[in-house]
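Here are a few exercises on charged and aromatic side chains, each with a worked solution. Grab your viewer and try each task before reading on.

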Amino acid sequence: MRNSVLIIDDEKNICSSLIYALEDLYIVTTTTNPKEGLTLLQEHAFDVVLLDLRIGRISGLEVLKNIKELHKDIVVIMMTAYSSIDSTIEAIKNGAFTYLLKPLNMDELIVTIDKALEFRALNEKVAYLSNELRNKYNHNGILGKSPSMRAIFELIDKLKDVDTNVLITGESGTGKELVARAIHYSGKRGNENFVEINCAAIPEGLLEGELFGHKKGAFTGADRDGIGKFEYANTGTILLDEIGDMGLALQSKLLRVLEQKEFTPLGSNTPIKMKARVIASTNRDLRKLMEEDLFRKDLFFRLNVMEIKLPPLRDKKEDLPLLFEHFMGIYNKEFGKQVVKLSPATQERLLNYPYPGNIRELSNIMECGILMAKGDTMELDDLPEKVKEGKTYANLDREVDSLVGLRLDEIEKRMIKATLALNNGRRKDTAEMLGISERGLRNKIKEYGL
């Protein structure tokens, strides 16, 4: 079956000559009216559009935007005069495949149309294969084919329809919230509320009210009743994120709630039945915190009926190509780009980078790479500076060796300073990466004068 071409040009002579030159090779439709062209695109499926950059008083750039809103994947070739090269480059930025100069060379035009059709076919194949990979290795939004991730997928399936408390552990950025959501939405509670509360982000004095709610007049400023997260979750799921940063006093109250299956809002004497399933997560070592008397053992065992340990990205390198493809798809769509491959040097560097920030950091790296890429290939120079520097596993070993012999406080100071620099001064990301609370990080910054 022949491919179809739509030509939008206000010069009837050009439309006639193009029909004559192309009709033996393609199904050709022409119009001198951009509005009619858009209507034709809504009613029929075209493979390629030839669009004049200036159609009477109408800008071809605006028509291009309208075409891409209708069919973002359709291939558009701009036709232009020498005097409008700058506008043509702008058209390329807005999604045009390429441009041809008038008067048109018909041999060049046919070659260009064929290349455009090849490009479209390649994109469709990439989209199909990407979808197949996602379906094969996607578990409720979590990608992975490594043995460790397959084991986690099996755990999710076993836990989704039971009410057992679950503790999800792992470094910052490994996807703990995604796993909690997968357990909730794939199970019997999937149509109920999923409520997340970050125990490290809310001051301890306010956290109890956030969890259990309060009655009017319970404290200064409580001018109305407040519903807590447990009550709002109802028969759904509540995720207690960064549970390791919860203070001991509130840990004791949470333990009673889990044991008695009821809670009492601040300022009330009437308990409310707890119906929600509880999942907790942390990037801290709770066993070490227990040894330091910073986390209650009885609460740990109450929460840790079943533990899911998420591996860091550096320990499941076989999942990296899947994740590259996944994030390329996301950011291509977000930025209107068509980056479909990585250069060999880029792929090698990304496969050997240690990802201290795990999947969250990989997402940021791919976002930068797609944004900076100039063509259909992500080059090494498109990556952030920290990745281009080549922080491989061997480099890290040498850096660790350079710390030997230093005082522990000096090592800690250097690590905090380097991690702050890595995160461009963002304290929340730095605290998560280091596995400490934001409050603890602020104290260390003050202590070391950073």
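**Exercise 1.** Work out how Lys188 and Asp163 interact, and where each of them sits.

Solution. Start with the contact: Lys188 and Asp163 form a salt bridge through their side chains, with 3.5 Å from N to O. That is inside the 4 Å cut-off for a salt bridge. Keep in mind that this is a predicted model. Lys188 is in the loop between helix H7 (176–185) and strand E11 (194–198), while Asp163 is in the loop between helix H6 (147–159) and strand E10 (166–169). Last, check the exposure: Lys188 is exposed, at 52% relative accessible area, and Asp163 is partly exposed, at 42%.

**Exercise 2.** Take the salt bridge of Glu307 and Arg287 and decide for each partner: buried or exposed, or something in between?

Solution. First the geometry: the closest N and O atoms of Glu307 and Arg287 are 3.1 Å apart. Then the location: Glu307 belongs to strand E16 (residues 306–309) and Arg287 to helix H11, so to speak two distant parts of the chain, 20 residues apart. Arg287, with 38%, is partly exposed.

**Exercise 3.** Find out which helix holds both Lys65 and Glu62, and what their spacing means in helical turns.

Solution. Lys65 and Glu62 form a salt bridge, and their closest N and O atoms are 3.8 Å apart. Both residues sit in helix H3 (residues 60–70). They are three residues apart, so about one helical turn separates them. As for the surface, Lys65 is partly exposed at 37%, and Glu62 is partly exposed as well, at 43%.

**Exercise 4.** Now zoom out: how many salt bridges are there in the whole structure, and which residues join Asp9 in a network?

Solution. A search of the whole structure turns up 19 salt bridges. For the network, Asp9 is linked with Glu11, Asp52 and Lys102.

**Exercise 5.** Identify the residues of the negative surface patch that includes Asp285, then locate Asp285 itself.

Solution. The patch consists of Asp285, Glu291, Glu292 and Asp293. Asp285 is in the loop between strand E15 (277–282) and helix H11 (286–291). Its relative accessible area is 44%, so Asp285 is partly exposed, and that value clears the patch cut-off of over 30%.

**Exercise 6.** Classify the ring pair of Phe97 and Phe119, and say which parts of the chain the pair ties together.

Solution. The structure has nine aromatic pairs. In the pair of Phe97 and Phe119, the ring centres are 5.3 Å apart and the planes meet at 45°, so the pair is tilted. Phe97 lies in the loop between helix H4 (85–93) and strand E7 (98–101), and Phe119 in helix H5 (residues 106–137), so the pair ties together parts that are 22 residues apart in sequence. Phe97 is partly exposed at 28%, whereas Phe119, at 17%, counts as buried.

Definitions and conventions: Residues are numbered from 1 along each chain as its sequence is written. This is a predicted model: local features need pLDDT of at least 70, side-chain atom pairs count only at pLDDT 80 or more; totals for chains, interfaces and linings use all residues. Side-chain values use heavy atoms; hydrogens and water are left out. Patches are made of residues with over 30% relative accessible area and no salt bridge: like charges are joined within 9 Å, nonpolar side chains (Val, Leu, Ile, Met, Phe, Trp, Tyr) within 5 Å. Accessible areas come from the Shrake-Rupley method with a 1.4 Å probe; for residues, only the protein chains shown count as cover. Lys and Arg count as positive and Asp and Glu as negative; His and the chain ends are not counted. The place of a charge is taken as NZ of Lys, CZ of Arg, CG of Asp or CD of Glu. Helices (H or I, at least four residues) and strands (E, at least two) are DSSP runs, numbered from the N terminus. Buried means under 20% relative accessible area, exposed over 50%, partly exposed in between (1.4 Å probe, protein chains only). Rings of Phe, Tyr and Trp (its six-membered ring) pair if their centres lie within 6.5 Å; planes under 30 degrees apart count as stacked, over 60 as edge-to-face and the rest as tilted.
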